[in-house]
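My entries follow in the order in which I made them.

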Amino acid sequence: MESFELTGESLDLDQVWQVAYEPLVQVHLSDSAKQKMLISRSYIEKRVARGDIMYGVNTGFGAFSSVSISTADTIQLQKNLIRSHCCGVGEPFSVPETRAIMLLRANALARGHSGVRVEVVEKILQFLNLNLIPVIPQQGSVGASGDLAPLSHLALGLMGEGELWQDQGGRWEKAPAAPLLQEHSVAPLELQAKEGLSLINGCQVMTAVGILNAVESRRLLWMADLAGAMTLEALQGSRSAFDPLIFATRPHPGEAKTAHNLLKLLGPTSEIGESHRDCGRVQDAYSLRCMPAVHGAAKDALRRHAEVLEVEANSSTDNPLVFAEDDKVLSCGNFHGEPVAFALDFMGIAMAAMASMSECRIEKLVNPAMSGLPAFLAPQGGLNSGMMIVQVAAASLVSENKILAHPASVDSIPTSADKEDHVSMGTIAARKLGQIVKNAENIVAMELLCGAQALDFLKPLRPAAGVMAGYELIRQTLPFAEQDRVFALDIEKIKTLIRQDKLLGAIHQSVGELEW
């Protein structure tokens, strides 16, 4: 059984993905993190014992920060905070999303700037390792003072209240937390001073959801390169726009890497390429010729903003923060989600643009005036409609993405009696990024479906090796459409090939790894 240690400093995107989707992976708190937490907690307890007033430890919260709380009521204060802040609504986050949220919350607390006991992080990890996953509604966070409402539902589950997910033969169902904890002989977390506040102050919900979508997007951008290369072969396009000389004059990394990927997939030529060597076409449409510019810009945007998410995943986002060695407890704004919100919004814009270009190529494939192939790639057109509505569905998703790509982070509504007067809306950005990525995945799958169908019309000519590897795997999964069938099922099968990395694996085996 694989395991790794949580230090508070070294989580990366792939580790978050692994823990989210592989529940057998066990996560443990490192000795170095324990030591930092012990020092921080001892300092807080010392300050409480001498009667110091500290926000969130022995005061009210938000607009009630000036209200002092007696020592006798300190623990009840933390419980009241969690219960009152459980105001989330809507559909819950998925189990993998929630596992990622739990991992990030534990990692932030493990840094030792929150003043909580070691037992708090160990309780989160105990739940995670036993796959006891709280039910967290998706809606209700404005992304400043952190993800207060959703993280409160996480804390509520740790307290043995609220609901957890229960595995019913591979189907997840909601169940009351208390009996499930008894069944697993797990004691609920008993909150002490400051610990309720520390569990909910931070941007771990938006960051976790963003990281999972960043990993999905990385895979999808490779698949867009494959789909574009397949379409270029099917449309008998030119490789000349991918010459390395071009990208030395405009050295954006993503552009050069995309051109390299396309040349790797397409090779110097192919049987299809040789068949139109002397054609009269001078330039291809932008959706073919400008793939390095658009796919590359999306790669660059994703890479830069994934770095923001990794920084956030290894940050202290509590308020106040504890600096025991400097004898300070400092109120601050590290919980404000704007750095993450900006990143998530821009990632959504980038993925929407990439998917829009993919749809442009689908339109070229189904349009006989552009492709020279049968209309809508349909044998016996008229009797069969072919890929007509595949393109319509792709157009619908592109249009939906245009709405979703509007930045959430440009909005702010004052909350908490105007004390929290500017917020990030980062969790909304994360949620809509997820839908953009799902839509983009469908669009790229549709292009692969159409591209494979188009290549069949060019037989016996063969495409380049990298394209052929993708084509053959698709054809092992679903046949050429001799007549109309339910193409939604085909799209789902291609998405499975994408999600299980089978298409990527076939490419790597054929022509080597693609660049990122």
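Entry one. I looked up Ser287 and found that Ser287 is buried, because its relative accessible area is 6%, where buried means under 20% relative accessible area, exposed over 50% and partly exposed in between, with a 1.4 Å probe and protein chains only. I note that the model is a predicted one, in which local features need pLDDT of at least 70 and side-chain atom pairs count only at pLDDT 80 or more, while totals for chains, interfaces and linings use all residues. Residues are numbered from 1 along each chain as its sequence is written, and side-chain values use heavy atoms, with hydrogens and water left out.

Ser287 sits in helix H13, residues 286-289, helices being DSSP runs of H or I with at least four residues, numbered from the N terminus. Setting aside residues up to four places away in sequence, I listed Met357, Cys360, Arg361 and Lys364 as touching Ser287, contact meaning heavy atoms within 4.5 Å.

Entry two. I turned to Ala293, which belongs to helix H14 (residues 291-313) and counts as partly exposed because its relative accessibility is 26%. Beyond its neighbours within four places in sequence, Ala293 is in contact with Arg250 and Glu255; the C-alpha atoms of Ala293 and Glu255 are 5.3 Å apart, although 38 residues separate the two along the chain.

Is Met54 buried or exposed? I recorded Met54 as buried, since its relative accessibility is 3%, and placed it in the loop between helix H2 (31-49) and H3. Not counting residues up to four places away in sequence, Met54 touches Ile44, Arg47, Val48, Thr59 and Val329.

I then looked up the largest pocket, whose volume is about 640 Å³. On a 1 Å grid over the protein atoms alone, a pocket is an open set of points where a 1.4 Å probe fits, with protein on both sides within 12 Å along at least five of seven lines, and lining residues have an atom within 4 Å of a point. Of the 32 lining residues, Gly62, Ser145, Leu148, Ser416 and Glu420 are the closest to the centre of this pocket. Helix H3 (74-85), helix H6 (148-158) and helix H8 (195-200) are the elements that give two or more residues to the lining, and H3 contributes the largest share, three residues.

Methods
Grid points are joined across faces, edges and corners, and a volume is the space filled by probe spheres set on the points.
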